[in-house]
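I opened this model to look up a few things and write them down. The entries follow in the order in which I looked.

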Amino acid sequence: MQQYFVNKNFNLNSEYELSKEDSNHIVRVMRKNINDKVFIVFNDEIKYICNIIDNNIDRVIVEPFEKVEESNELKTKITVAIPPLKNDKIEYLLQKLTELGVFNIILFNSERNIAKIKADKINSKLKRWDKILKEAAEQSKRNIIPTLSYVNSLQELINTTTNMDYKVVAYEKESHNKNNENLKALLKDDLNNKSIIAVFGSEGGISENEISILTKSEFKMVSLGKRILRAETAPLYLVSCIAYFSEFE
């Protein structure tokens, strides 16, 4: 069953008009008719199976039918921070992080990131990427759409992490630490209702100066194994590890 997000507060006795874009998708792509059902997620993560009562191509209207009690969200709120990547790599990464259950994504300028975003392009880029997050959240039946933001520097990023329960940075030179105690300790802990921020480098990696700044700000270095992972692979590796222990342990 297809899912859509509606930026409205829920009222059991109300009817809801979907956006023109979602209406067009329901009618033209999914070919839904009156009395067909879709998942609708309202504000505050409230999800309902809804009946279609009007399938106008520009204005689909639905009414609540049955509440979906179970949430598909991780018990751990994961924030991924990474510089923008080249070409379509960042779009692929945003999509997959959403599917894996990430709560928040922060893009930041680093010393070595190759893909720079011009100041006058930031808003248009974020708007495009927000659409990717929404579509991925709908496809994976999330109860929320991850938040996405952009900061100009590593220090601005650090300033947002004050209330995080765990702070880690993936660093390839940490692979010499065979025991990888920092990552083991994180995964063995009770991650329920905890928040984690994980920082990653771009294609050019993360500099020793940035590692020094992060460790002085209470970030712990973690290794992702002996193999050197691509910039778009490393976050997926770590998030998958955390998600497993969050959901199944």
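Does glutamate 156 count as buried, partly exposed or exposed, and why? I noted that glutamate 156 counts as partly exposed because its relative accessibility is 35%; buried means under 20% relative accessible area, exposed over 50%, and partly exposed in between, with a 1.4 Å probe and protein chains only.

Before going on, I noted that this is a predicted model, in which local features need pLDDT of at least 70, side-chain atom pairs count only at pLDDT 80 or more, and totals for chains, interfaces and linings use all residues. Residues are numbered from 1 along each chain as its sequence is written, and side-chain values use heavy atoms, with hydrogens and water left out.

Entry on glutamate 156. I found glutamate 156 in helix α4, residues 154-159. Helices (H or I, at least four residues) and strands (E, at least two) are DSSP runs, numbered from the N terminus. The C-alpha atom of glutamate 156 is separated by 39 Å from that of asparagine 11, and the two residues are 145 apart along the chain.

Entry on the sheet. I traced an open sheet of 5 strands with mixed pairing, in the order β1-β3-β4-β5-β2. Its edge strands are β1 (3-5) and β2 (16-17), each of which pairs on one side only. Two strands pair if DSSP finds at least two bridges between them. For β4 (residues 47-56) and β5 (residues 59-68), I noted antiparallel pairing over 9 bridges. Asparagine 55 stands opposite valine 60 in β5.

Entry on the domains. The domain assignment, which is automatic or from a database, gives domain 1 (3-67) and domain 2 (77-248). Taken over C-alpha atoms, their centres are 33 Å apart. I found 9 residues of domain 1 in contact (heavy atoms within 4.5 Å) with 9 residues of domain 2.

Entry on the interface. Domain 1 and domain 2 bury about 810 Å² between them, 53% of it on carbon and sulfur atoms. Buried area is the accessible area (1.4 Å probe) that two parts lose on being put together, summed over both. Gln3, Phe5 and Glu45 supply 63% of the area that domain 1 buries against domain 2, more than any other three residues.

I then looked for salt bridges (a side-chain nitrogen of Lys or Arg within 4 Å of a carboxyl oxygen of Asp or Glu) and the rule finds 2 across this interface. On the side of domain 1 that touches domain 2, β1, α1 (20-29) and β3 (37-41) each supply at least two residues. The largest share, 3 residues, comes from β1.
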